[in-house]
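User: Hello! I am new to this structure and would like to go through it with a few questions. Could you show it to me?

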Amino acid sequence: MGIRSVVSKPLARLIVERQQAWMYQPAEAQQRWFRRLMDGGQATVFGKDHRFKDVQTVEEFRQAVPVRDYEELKPYIEQILAGGTDVLWKGKPLYFAKTSGTTSGTKYIPITQDSIPNHINSARDALLNYINETGNSAFLDKKLIFLSGSPELTQKAGINIGRLSGIANHHVPAYLRTNQLPSYETNIIDDWETKLERIIDETLTQPMSLISGIPPWVQMYFDRIQERTGKFIKDVFPDFSVFVYGGVNFEPYRAKLFDSIGKRVDSIETYPASEGFIAFQDSQTEEGLLLLVDSGIFFEFIAADEYFTENPRRLTISEVELGKNYAVIISNNAGLWGYSLGDTVKFVSREPYRLLVTGRIKHFISAFGEHVIGEEVEKALRDAMQKHPETEVVEFTVAPMVSPSAGLPYHEWLVEFATPPHNLSAFARDVDERLIELNVYYADLITGSILQPLKLTSLPRGAFQRYMKSQGKLGGQNKVPRLANDRKIAEGLLQTEQTV
């Protein structure tokens, strides 16, 4: 065994032992962070505007700081970009993580000297938890690949700006840099398809042991390797044993991904966001991701079915219930206050707190009052695939058809299959019947003859990649939303295919 794998085991034990202190005392850990954040934010422009010096309790904080999204935070961001200091958090941010917003254009999310450990240490600890539980540390002695955005940074107001994955790339520990791929020169290539070919050139003959990235882009990497070699990934990379992923629900990709690999490998799910590293999979045997309650973030939760009401209740960690969907609200030491992440989660354990990411609070279909959410469509599809085991799905999205040329309105499912079902009509019927079981409002609309059953449109291979390329969003951290309340994405997909 190499030095990395040997040293990692006692370090893993130490980290997991330290976790015990907050895993089973989450309310106390959260209260400590609440107080630290209030103290740290008092002298900022935001803290003065919201009278942090008078805030002693969580309830007083809620009275002072409403839930806000990026648009409502934007005036403070613009002050920082204009050269301001002590605006949202003390001093200036180390970085702005640049992301694409659906309504806000480019978003600049601050990362500070105090908040960067949340991003970097959490990624490290996800691997150390895996090592501690399984004993597998040998992968650290081989080659590791992180399919990420470019690490090249620009500057505004003296602050480095880049994609979160690119920023994180600058903080990979020195002991891992010598076995990290791809090279910096390849990683900064902007065009995803060119970059992907160069990545394959660099990795094809290497002893790859860990592969990390968003599942659809890892699948694209695997597909290109198989096109070149005609081999399963296990035969190209016999040392490959750990797959690390995050960013999307893995289930729709699982069957195709492992089919490409040709064997089962261990996987570690993470929940990183530009705003903060929220949770990671701490166990290969327990369901859900461990919520990081002692990492610079104070969490609040709003029941998803209350989110759009006038005065939704904001709950602390000790008030959440199992099995219920919540929108995630964070305040942190990067200077985000009462900030809505836009994600929905469902808790599956309280000792410790583990959760599943179930979708986006604004990604739903409710054109007819049905409020179908991401978790429901993904489960309906997954269950239908179990009835049609030959079926492999590459990607999909769902949109309402409000005014069809004939007949009742319906939901249109646009699906790209790797292997289509033998009977497409029966598959669509099974998806629809499962969705009826999962969503009572959708069931009422179907049985009340307000909607007709869903229609499934099968798209050619590569359709989603071509669409993303047409939008300038191919590769990196970009992904197509599962659900939309309009037809913008659906029409874009169909129009892109008409031009091919």
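This is a predicted model: local features need pLDDT of at least 70, side-chain atom pairs count only at pLDDT 80 or more; totals for chains, interfaces and linings use all residues.

User: Which residue in S15 is the bridge partner of Leu-289?

Analyst: Leu-289 belongs to strand S11 (residues 289-291), which runs antiparallel to strand S15 (residues 353-360). Two bridges join S11 to S15. In one of these pairings, the partner of Leu-289 is Leu-355.

User: How many bridges pair S14 with S15?

Analyst: Strand S14 (residues 339-350) is joined to S15 by a hairpin through two residues. Asp-343 has Arg-360 in S15 as its bridge partner. The pairing of S14 and S15 is antiparallel, and its bridges number seven.

User: Why do the buried residues of H17 line one face of the helix?

Analyst: In helix H17 (residues 463-470), the buried residues are Ala-463, Phe-464, Tyr-467 and Met-468. Viewed down the axis of H17, they line one face because they fall within an arc of 130°.

User: What covers the buried residues of H17?

Analyst: Ala-463 and Phe-464 are among the buried residues in question. Their cover includes strands S18 (392-401), S19 (410-419) and S20 (455-459), along with helix H18 (488-498).

How values were computed. Residues are numbered from 1 along each chain as its sequence is written. Side-chain values use heavy atoms; hydrogens and water are left out. Buried means under 20% relative accessible area, exposed over 50%, partly exposed in between (1.4 Å probe, protein chains only). Helices (H or I, at least four residues) and strands (E, at least two) are DSSP runs, numbered from the N terminus. The arc is that of the directions from the helix axis to the C-beta atoms. Contact means heavy atoms within 4.5 Å. Two strands pair if DSSP finds at least two bridges between them.
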